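This report describes how the parts of the structure below meet one another.

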Amino acid sequence: MKPAAFDYYAPASVEEALDQLAELGYNGKVLAGGQSLIPAMNFRMARPAALVDLNNIKDLGYIKEPGEGGLAIGTMTRDSVVEHSKVVMDKAPLVVEAMPFIGHSQIRNRGTFGGAIAHADPAGQLPGIALAMRARLHILKKGSDRWESIDDFFLGPFMTVIEPDEMLAEVVLPPLPEKTGTSYKQVSRQHGSTTQAAIASVVSLDDKGKVASLRVVMMSVGATPLVSSAAEEMLVGQEPSEAAFREIATKASETEIDPSTDMHATAEYRRHATHELIIQSLTCALERAKGKGG
Amino acid sequence: MNTPINIKVKVNGKEYKRAVEPRLLLSDFLRHDLELTGTHVGCEHGMCGACTVIMDGVSVRSCLIFAVQADGHEIETADGLGTEDALHPLQQAFMEEHALQCGFCTPGFLMTIIPFLRENPNPTDEEIRTAIDGNLCRCTGYENIVKAVKKASVKMAGKAK
Ligand SMILES: Cc1cc2nc3c(=O)[nH]c(=O)nc-3n(C[C@H](O)[C@H](O)[C@H](O)COP(=O)(O)OP(=O)(O)OC[C@H]3O[C@@H](n4cnc5c(N)ncnc54)[C@H](O)[C@@H]3O)c2cc1C
Ligand code: FES
Ligand code: FES
């Protein structure tokens, strides 16, 4: 299968790319790593009239530590670069933990950090990880820019607030509080195949060992990655316990998700897996939080 | 739309200048335009790994890159490994360990394993299995591929000095 014909633009700068996107409007599409877009074009499920290839823009690939802490990751940073980065391991170990689950090494050598988030695959790891990390997204268009919270970013499967004349430029992961533990747990049929269910947890403790804040994100069980409000309501300000984790798992898997049946798993299996993974992920994140700063 | 774009690509150390349509996949460019048929094509959506080549030192799917995007870059394919009389140590090990039957998947495995061994010259079986998790083989059952990689790693580490 071969892609349909398209016009190809390979701008060398962000300004040039924004000019082209503005001119093309609904006819234009950003090409990042191409690891989702090109398969879709090969199948002719996607037939963009024009591609604006970001691969020649050198200053969109970076991992920085901004003054206010945390990390700023340029959209075109390859997954494999993020995966092996020492600063990312140090500041956002959740990201590194989830990385090896993304397809295979050859895919991660080409796929980009921002591209995966912009792609908004509900079964993807990075949209959920960004949500768990409370990411902020820098979106540019010709003549203006805006910051979006990840909480408002996803509109549905493969749909985000990014307009056709806009591009994602940077993903900011705010610093994690002290005494924070994170954990990613996933099930799939075999390593590298599609997520059947996955949970990312971020647990922060206060000085007395109570839960100061937490976030539990559920993936592949709805139109977008989902934040469990049950987890927050039931645990913040409380002493964490296995009993509480079980209660959260039951409530979240019964009332907060909308899994579907497809070739990868049945809805019932996804519900069951979500229940088990919430317990595993919270238990692991709590252990890690306790291990930090006494 | 169909207007060809001029590109300059280094493949296996040799520079090629060609004009390509934007929609031409790198896999098809290598096979049809350059007649380097060492790169195989299975699924054309990134799943099987048969089309894996090395681009600027790392393994990638040539079915998921447009030939225009290879402009100014360096590609290595299975065609550039050994010759029939002087096989590359990895090819030799594949032959000795019976790590191929039909051979359709083999170029993809080779171009995945070569950068892997450059990074990790002395891998464990577990690391080898992880490294090849993006390459499908319908014939061998993988066991002999793991053995061949192990054997080649020992030989190549000895040679590298
Ligand atoms: C065999 C295989 C297995 C895979 N397995 C997984 C997996 O297990 N988990 C997973 O999450 N993914 C998986 N992927 C997909 C892979 O992670 C993709 O790299 C990722 O989903 C998209 O990133 P990309 O950089 O390749 O984006 P592209 O494919 O280039 O783009 C994807 C979409 O996002 C848009 N886009 C990209 N960047 C921007 C930007 N900066 N601004 C605005 N829009 C943008 C594009 O226009 C396009 O619509 C797999 C892919 C393959 C081929
Ligand atoms: S042909 Fe490229 S991965 Fe199958
Ligand atoms: S040898 Fe036949 S597919 Fe691997």
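## Domains of chain B

The model is predicted. Chain B is split into two domains, domain 1 covering 5-78 and domain 2 covering 89-156. Their contact involves 17 residues from domain 1 of chain B and 13 residues from domain 2 of chain B. The C-alpha centres of domain 1 of chain B and domain 2 of chain B are 22 Å apart.

Between domain 1 and domain 2 of chain B, about 1100 Å² is buried, and carbon and sulfur atoms give 58% of that area. On the side of domain 1 of chain B, 34% of the area buried against domain 2 of chain B is supplied by His40(B), Ile54(B) and Ala78(B), more than by any other three residues.

## Polar links and composition of the domain contact

One salt bridge is found across the interface of domain 1 and domain 2 of chain B. Glu76(B) and Arg118(B) form a salt bridge in which the closest N and O atoms are 2.8 Å apart. Five residue pairs, both at pLDDT 80 or more, are in polar contact between domain 1 and domain 2 of chain B.

On the side of domain 1 of chain B that touches domain 2 of chain B, the elements giving two or more residues are β3 (52-55) and β4 (58-61) of chain B. Of these, β3(B) gives the most, with three residues. By class, that side of domain 1 of chain B has seven nonpolar, eight polar and two charged residues.

## Interface of chains A and B

The contact between the chains takes 29 residues from chain A and 28 residues from chain B. Together, chain A and chain B bury about 2400 Å², with 56% of this on carbon and sulfur atoms. In chain A, the residues that lose the most area to chain B are Tyr8(A), Gln106(A) and Arg110(A), which together account for 25% of what that side buries.

There are two salt bridges between chain A and chain B. Lys2(A) forms a salt bridge with Asp28(B), where the closest N and O atoms are 2.6 Å apart. The interface of chain A and chain B also has 12 residue pairs in polar contact, both at pLDDT 80 or more. The elements giving two or more residues to the side of chain A that touches chain B are β1 (7-9), α2 (37-42), β3 (50-53) and α6 (105-108) of chain A. The largest share, four residues, comes from α2(A). This side of chain A has 14 nonpolar, 10 polar and five charged residues.

## Asn135 of chain B

Asn135(B) sits in the loop between α4 (125-131) and α5 (143-160) of chain B. Its relative accessibility is 2%, so Asn135(B) counts as buried. The side chain of Asn135(B) is in polar contact with the side chain of Thr112(B) at 3.1 Å. A polar atom of the Asn135(B) side chain also lies 3.2 Å from the backbone oxygen of Gly108(B).

Apart from neighbours within four places in sequence, the residues in contact with Asn135(B) are Gln106(A), Cys48(B), Gly49(B), Thr52(B), Gly108(B), Phe109(B), Thr112(B) and Tyr142(B). Gln106(A) is also among the three residues of chain A that lose the most area to chain B.

## Helix α8 of chain A

Helix α8 (residues 125-132) of chain A is largely enclosed by the rest of the structure, because eight of its eight residues are buried. Among them are Gln125(A), Pro127(A), Gly128(A) and Leu131(A). Just after α8(A), Arg134(A) has a positive phi of about 55°.

Methods:
Residues are numbered from 1 along each chain as its sequence is written. Chains are lettered from A and ligands numbered from 1 in the order in which they are written. This is a predicted model: local features need pLDDT of at least 70, side-chain atom pairs count only at pLDDT 80 or more; totals for chains, interfaces and linings use all residues. Side-chain values use heavy atoms; hydrogens and water are left out. Domain bounds come from an automatic or database domain assignment. Contact means heavy atoms within 4.5 Å. Buried area is the accessible area (1.4 Å probe) that two parts lose on being put together, summed over both. A salt bridge is a side-chain nitrogen of Lys or Arg within 4 Å of a carboxyl oxygen of Asp or Glu. A polar contact is a pair of N or O atoms within 3.5 Å; within protein, one must be able to donate a hydrogen and the other to accept it, and residues adjacent in sequence count only if both atoms are side-chain atoms. Ala, Val, Leu, Ile, Met, Phe, Trp, Tyr, Cys and Pro count as nonpolar, Asp, Glu, Lys and Arg as charged, and the others, Gly among them, as polar. Buried means under 20% relative accessible area, exposed over 50%, partly exposed in between (1.4 Å probe, protein chains only).
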